[in-house]
Each structure stands twice: as C-alpha cells, then as structure tokens.
Amino acid sequence: MKREVVIIGGGPAGLAAAIEAKKDGCDVLLVDENRRAGGQLFKQLHKFFGSRAHRAGVRGIDIGKQLLQETEELGIDFWLNSACIGIFPDKRAAVLRDGKTEIIEAEKLLLCTGGAENPLRFPGWTLPGVMGAGAAQTMANVQRVLPGKRILMIGSGNVGVIVAYQLLQAGADVVGIVEGMPKIGAYGVHAAKIRRAGIPFYLGSTIAEAKGTDHVEKAVIAKFENGQIVKGTEMETDVDVICVAVGLRPLSELAQMAGVQHDFIPEMGGWMPLHNADMETSVPGIYVAGDTAGVEEASTAMDEGRLAAAAAAEALGHLTKEQAEEKKAEIRERLDSLRQGPFGDRRMAAKERIIKKGV
Amino acid sequence: METDTMRVLHHPILGELGQDDYVEIIVDGKKLQAKSGETIAAALMANGIHIHRYTTKKHEPRGVFCGIGQCTDCVMTVNGKPNVRTCITPVEDGMVIETQQGFGKRGTKE
C-alpha cells in the first residue's frame, strides 16, 4: 500500500500534524497502537500555558477532545490498535494490525512516538508500588483507580508536582515531594498549589530505599549532598506507592531503525534524532515531532507536528514555496514564544544547537 | 468490596464516576468484578492486586511501572497467552488472567 503522508503516533504532535497535512491537501494515514488516540493528553487535567493560539488556559483533556473531533471532521484515515513494529528502507513502515503485518510505503514519514518516563534505581525500586508518576496519573485520571492511599513523589519538576496535586484531587494522601536539588523544579503556580495543600517538599534529599516484601510498605528518604546520601539523615515513612518523576526521554526506536542520525542532547532528555528547521531528519522524507524530537510540552509538540506537516506538504507539491514559508514562519514564531523564560531558554538554546548541527 | 475504596468516585474536574457496566474476570482462579472498558491493570488495582508476575531468575514480584504499554513490567498470562501488557489491554467478560511466572507458558483457555 502506498500513502503520501504516514504519521506514526496519535498524540498531540501526530494529531496536529495529521490535521495540518490533511488541510494542506495531503493524503494522510495516522497510525496509533492504542485503542484511543490522544497520547497522554487525556490524563492532563491541568490547564496549559502559552498564548491563546496554544489554547492556554485549556485543560489537556479538552485539547485532546478538540483534536480528535477535528480529525474526525476532516475524515482523516486513522488506524487504531495498530502498532508500527519496524521501518524498512525506502520509508516502508511495517504495521501490525488485526494480527497481520501490513507494509505501507510512505512518501513522507512522520514519527511522533512520544517519550517515556525515566526510571530511578535505588534499593527496592522494582517492588510493586514503585511506579512512574505518569503511570499513577493514568490510573487516577483516565482509569479512575487510585494506585495507593499514601503516596510519596520523587522529583519536583512539573510532572512530579502536577501529578502529586492530581493524586490529591483524586483522593489520595500525598506524604511529600522529594527533590535532589536545593530548589523546586516546577513552575511556581503548580508548586504553590502543593504548598497550599500543606504537602512538604524535601529539598536536597533523595529516596534511599523502598521497603516491603511483596509491595511497597515504607520509603526511606535521606539528605543528598554531592551526589551522595548523607549517612545518619535517613527518615522512614509509611507509604503504599512511590512515584518516580525524574524526567522523560525521547522514544526513538523507529527513527533508530530507519538509520536516522542521533545525538545526546541532555536538555531534551538524552539520545534523540537530529532534525533540521523543518523537523526533517538525516534520512530524507523522514520527519520527527513532539517528544520524539526532544522532550518538551504538549503545546510545543503540536506546533512541531504542524511544522513537519507543512514542510512535507510543501515537498509533495501541495503548498507553494511562498505558502509554506508563510505557514512555517508563523509556526516557528509560536514555538519561539513557547521556549521563553527560565524554563524555555534552555530548550530554545538546545533546539538551535540541534538545527545548527545540520543533518 | 475493595473496589469501592480505590475507585475515584468523585472528582473535582472529572465529576462523578459513571454507572458503567461491570464484567466478570477470573484472576488466578478467583472471580472478580471489573468495569467494562477499563484496562486489566486498573481492574486489578481496584481489587487490591499489585503483583502481576514473578521474574525468571530471582522470582521477584513485579507490578505496574509505566502504565502506557512501554516498559512491559506488568505483563501477565491472559486467556492462555503470556506476556500481555495489562496496562493497555481492556478487560473482557470471562477473561482468564494469571500471574505470570518468568517468561510464561502458552496455555489454553479453560
């Protein structure tokens, strides 16, 4: 089967890309291994930041609904329960669907497979009850089942702080947030909610151990200095879940299979596919967007998806050079505005470095 | 029933939990209630079950880690098929779910 634009992953980047590509006149196939699209948007109950164009002030869950509605209205060909299990030469994607593998020849291939949470290794880290913060968030907000009653959060970045608050909203008791650095990592507005709820932050501290036989029963936290646990400062607390929120990394296995050039970019979560200003990789016709192209936020993911889609539409001849340039300039301007401030500056600099490397 | 204590019945943003249909699943030979449409992992969690499998070499328990089908820590034997990612597989009425030992064995549905 031959298709013009094949998008792997129906999260914020993939959905926004599909909508843009379809509007630009491309033949689009969107593939997602889940039974529902939207990626991780449906567990984001908080309001997003950014400008009005980014739907700031709208909850992630509502952005997800809007994107799905738009794909439906545009009649985008959408394969759910379909896992892309490999990329072969000449942009051929192998998709496992209904127990059979179909090979799709893509003229332009866009990889939007997202990111995954980093684990943290400490004694007891494999015990049931130690889980990614995102896993707890999925359970509470999507499945509506609490993973536990007394929860300790490791990591005070946005994910840790937002999920801690959402677990509280769902009815759990959050006993504290542990942070290795001397200060809170999250945006002030999210951290303030935790403060108001009376949840303590343990700064300059880390998890020393998870105790329990078949399940987490206690967490040991301790002071953390120069990368070492300070002996004698250990403190034990009863918990049934320990959430780990220590960053995410790009999921780029498919890009690796396709032979896309990668590099280690610490600000973006580690090993990631390199790309140019059009989100195109070192393999012509293969684009990346969203967390796959460096871990950022859902709002940047959507715009990166649109950027890649507009570039692909131009390359396919659906947009004139002028039309495409105008569109891309607009999107890039929005991306720049999202990469502002003390949190965005690092990501902006990293993205500029990536593009300068050239592919 | 533990189901009622772990389920998020009231939520300030999502509202009240709808009265969905329940289905019956069989976990290690025991009949349990699960909400129609939820994942196996969610149903187990609501029923207070946290061990999904035991590792091959050291026989250590493992449960849910990533919750989005990426890490494969939560795999179990479902309807005789081993290594099913329970965090992204929805329950079905009459589904037979077993705690997996090691890599699991392919069995037959009862």
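Reader: In the hairpin of strand 5 and strand 6 of chain B, which residue takes a positive phi near 50°?
Author: In this predicted model, strand 5 (residues 75-78) and strand 6 (residues 81-85) of chain B run antiparallel and are joined by three bridges. Strands here are DSSP runs of E, at least two residues long, and helices are runs of H or I, at least four long, both numbered from the N terminus; strands pair if DSSP finds at least two bridges between them. Two residues sit between these strands of chain B, and the one with the positive phi is B:Asn79.

Reader: What sort of model am I looking at, and how is it numbered?
Author: Residues count from 1 along each chain as its sequence is written, while chains get letters from A and ligands numbers from 1 in the order in which they are written. Side-chain values use heavy atoms, leaving out hydrogens and water, and local features need pLDDT of at least 70, side-chain atom pairs pLDDT 80 or more, while totals for chains, interfaces and linings use all residues, since this is a predicted model.

Reader: How much area is buried between chain A and chain B?
Author: Contact (heavy atoms within 4.5 Å) takes in 35 residues from chain A and 35 residues from chain B. Buried area is the accessible area, with a 1.4 Å probe, that two parts lose on being put together, summed over both. Carbon and sulfur atoms give 61% of the total between the chains, which is about 3000 Å².

Reader: Which side chains meet in the salt bridge across the interface of chain A and chain B?
Author: A salt bridge means a side-chain nitrogen of Lys or Arg within 4 Å of a carboxyl oxygen of Asp or Glu. By that rule, this interface has one. With N to O at 3.1 Å, the pair is A:Glu33 and B:Arg85.

Reader: Which element gives the largest share of the side of chain A that touches chain B?
Author: Strand 7 (115-117), strand 8 (130-132) and helix 3 (133-143) of chain A each supply at least two residues to that side. Seven residues make up the largest share, and they come from helix 3 of chain A.

Reader: Within chain A, how many salt bridges does the rule find across the interface of domain 1 and domain 2?
Author: An automatic or database domain assignment sets the bounds, giving domain 1 (2-116 + 248-358) and domain 2 (119-244) of chain A. Their C-alpha centres lie 31 Å apart, and about 1000 Å² is buried between these two domains of chain A. In domain 1, A:Lys43, A:Phe49 and A:Phe343 lose the most area to domain 2, together 52% of what that side buries. The salt bridge count across this domain interface of chain A is zero.

Reader: Which residue of strand 6 of chain A stands opposite A:Ala94?
Author: Strand 5 (residues 92-97) and strand 6 of chain A pair in the antiparallel sense over six bridges. They form a hairpin with two residues between them, and A:Asp98 in the turn has a positive phi of about 50°. Opposite A:Ala94 you find A:Ile103.

Reader: In strand 20 of chain A, which residue is the bridge partner of A:Leu109?
Author: Strand 6 (residues 100-111) of chain A also pairs in the parallel sense with strand 1 (residues 2-8), over six bridges. With strand 20 (residues 286-288) of chain A, strand 6 pairs in the parallel sense over three bridges. There, the partner of A:Leu109 is A:Ile286.

Reader: How many residues apart are A:Lys327 and A:Glu20?
Author: Over all chains, the structure holds 26 salt bridges, among them A:Lys327 with A:Glu20 at 2.8 Å, N to O. This pair links helix 8 (residues 321-338) to helix 1 (residues 12-23) of chain A, distant parts of the chain, and the separation in residues is 307.
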